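Subject: Structure handover

Hi,

Here is the structure you asked about. Please open it alongside this email, as my notes follow below.

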Amino acid sequence: MPLDVEFVRRQFPALSSGWALMDNAGGSVMPRQVSDLASDYMRRYQVQLGASYGLSVEAGELVADGRQAMADFVGADPDEIILGPSTTINLELLAGSLRGLFEPGDELVVTHLDHESNVGVWRRLAETLDVTVREWTLRPETASLELDDLEPLLNDRTRLVCFTHCSNIAGQILDVAAITERVHAAGAKVCVDGVAFAPHRRVDVRALGVDIYALSLYKTYGPHVGLLYVRRDLLQQAASRNHYFVDDSKLNLKLEPGNTNYELAASLPGILDYFEALESHHFDLEAVPAKGARSVRLNRAFELITEHEERLAKRLLDYLRSKAGVRIVGPEGHDRATRVPTVSFTVEGQKSSSIPPRLDPHRVAIRYGHFYAYRPIRDLGLMDNDGVVRVSLVHYNTEAEVDRLIELLDSVL
Ligand SMILES: Cc1ncc(COP(=O)(O)O)c(C=O)c1O
């Protein structure tokens, strides 16, 4: 059964605005399951946690449920999940806590494809530690990173390789498991930016084998919270960024100084409630085995999502390929194994900044720029062009919306 997109849209109150929202790699809207839990918490439980009185205990349980839900979401244990304000801040805190892993003369690798939040922080750390930074450059013809180009950068001084699961510009999916295996064989650890991947596909950190994985829940149908997974053995070695007297036997506390945002953490089970509602709308509930039920249901929901997104990507990419003067930045094909429906392009003779504003009056929301993936846009020679035009679709977008976009683009390109 294909995804019932009308059912999906009914779960997202903000989609009734009449806007075709296609800036989802910037931020997604949230289903009512999430906003209901946040407002419930704010109405009923806005108390301080950790006290003996009943309301405080109940509120603490709701926050713990949020962490558990996010652990289930990515296949980790709750104390390996850090809930912070954003991926950028989470990685900043983490980098400081990992200083002890490096010695002068060690090396780390960053890419030329990543969003700056998984690059700048490691470069700054390296500068203060006399650690050498190696650069995994992109192939300009395809805007892609190739494993072959990483090989010569690895050696016995490599401690960390930081790379993206999916480019927020090109939409290309990288083979994280294969890269991680190679990096581990070289004796180093990986830090993966999953921000542009997680809204589209199931994340399973154990299956990927990663040491660090970051995603931003406000782009994954949740509130403005950054989820950082750090594998237990690494988190045990990490220095605490919390007060010296805070008991960090719950490992996440090392990277949650000042605590997490309680009302938003309490809303996080709503993300899974939404995916489960989606799954049960399409599949026979009886058929879910009791053991690992949550994971099975998430996988099924993401299968539906993937299939629908592939259809949307095909429609848009087929159109863009047919237009003279349009250059797609990233994979030209729609294959689900290769890309997500984050589609960027440039148009010969037109600055990228000139295109989205012409769609605004028609209530079609797309965007242009470098999207903080500053280095790739610079390396591709697109700064003077004001970057790329980016159409970032997710599963709540419809084929009719894509057709509306294509019709408008046709009058502009
Ligand atoms: C791929 C990617 N990584 C990291 C980030 C930074 O996330 P945050 O806004 O949570 O710091 C973004 C935000 O746009 C992103 O697209």
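This is a predicted model: local features need pLDDT of at least 70, side-chain atom pairs count only at pLDDT 80 or more; totals for chains, interfaces and linings use all residues.

Is Q33 buried or exposed? Q33 is buried, because 20 other C-beta atoms lie within 10 Å.

More on Q33. The residue is found in helix α2, which covers residues 32-44. Leaving out residues up to four places away in sequence, Q33 touches Q11, G270, D273, Y274 and A277. P269 is 236 residues away from Q33 along the chain, yet their C-alpha atoms are separated by 8.3 Å.

**Overall fold**

The protein has 15 helices and 13 strands. The C-alpha trace spans about 65 × 55 × 40 Å along its principal axes. Of the 413 residues, 48% count as buried. Contacts were also sorted by sequence separation. Among those with a separation of 6 or more, 70% come from residues 24 or more positions apart.

**Two domains**

The domain assignment gives two parts. Domain 1 is made of 5-27 + 303-412, and domain 2 is 34-270. Their centres, taken over C-alpha atoms, are separated by 27 Å.

How many residues of each domain are in contact with the other? The count is 27 residues of domain 1 and 24 residues of domain 2. On the domain 1 side, four elements each supply at least two residues: α12 (293-322), β10 (342-347), α14 (374-379) and β13 (388-392). Helix α14 gives the largest share, 4 residues. By class, this side of domain 1 has 15 nonpolar, 7 polar and 5 charged residues.

**The nonpolar core**

The largest nonpolar core has 126 residues. Those with the most contacts inside this core are L94, W122, C162, I212, L227, Y229 and I271. Helix α12 supplies the largest share of the core, 9 residues. Each of the two domains, domain 1 and domain 2, contributes at least three residues to this core.

W122 is worth a look. Leaving aside neighbours within four places in sequence, W122 is in contact with A95, L108, V110 and C162. C162 is also on the list of core residues with the most contacts.

**Helix α4**

Which residues of helix α4 (residues 87-97) are buried? They are T87, N90, L91, L93, L94 and A95. The cover over these buried residues includes β2 (81-84), α5, β7 and β8. A95 is one of the contacts of W122.

Take L91 as an example from this helix. L91 counts as buried because 24 C-beta neighbours lie inside 10 Å. Setting aside neighbours within four places in sequence, L91 is in contact with S117, N118, V121 and A214. L3 is another matter: L91 and L3 are 88 residues apart in sequence and 35 Å apart in space, C-alpha to C-alpha.

**Two residues with positive phi**

D130 and Y221 are listed here for their backbone angles. D130 is not a glycine, but its phi is positive, near 60°. Y221 is not a glycine either, and its phi is about 70°.

Where are they? D130 sits in the loop between α5 (120-129) and β4 (132-136). Y221 lies in the loop between β7 (212-216) and β8 (226-230). Is D130 buried or exposed? D130 counts as exposed, because it has 11 C-beta neighbours inside 10 Å. Y221 counts as buried, because it has 24 C-beta neighbours inside 10 Å.

**The ligand**

Last, the ligand. Which residues are closest to the ligand? S86, T88, H115, V195 and S216 are the closest of the 13 residues that surround it. By class, the shell has 4 nonpolar, 8 polar and 1 charged residues.

Best wishes

Terms used
Residues are numbered from 1 along each chain as its sequence is written. A residue is near a molecule or strand if its C-beta atom, placed from the backbone, lies within 6 Å of it. Ala, Val, Leu, Ile, Met, Phe, Trp, Tyr, Cys and Pro count as nonpolar, Asp, Glu, Lys and Arg as charged, and the others, Gly among them, as polar. A residue is buried if 20 or more other C-beta atoms lie within 10 Å of its own, exposed if 12 or fewer, and partly exposed in between; C-beta atoms are placed from the backbone. Two residues are in contact if their C-beta atoms, placed from the backbone, lie within 7 Å. Domain bounds come from an automatic or database domain assignment. A nonpolar core is a set of buried Ala, Val, Leu, Ile, Met, Phe, Trp, Tyr and Cys residues joined through C-beta atoms within 7 Å.
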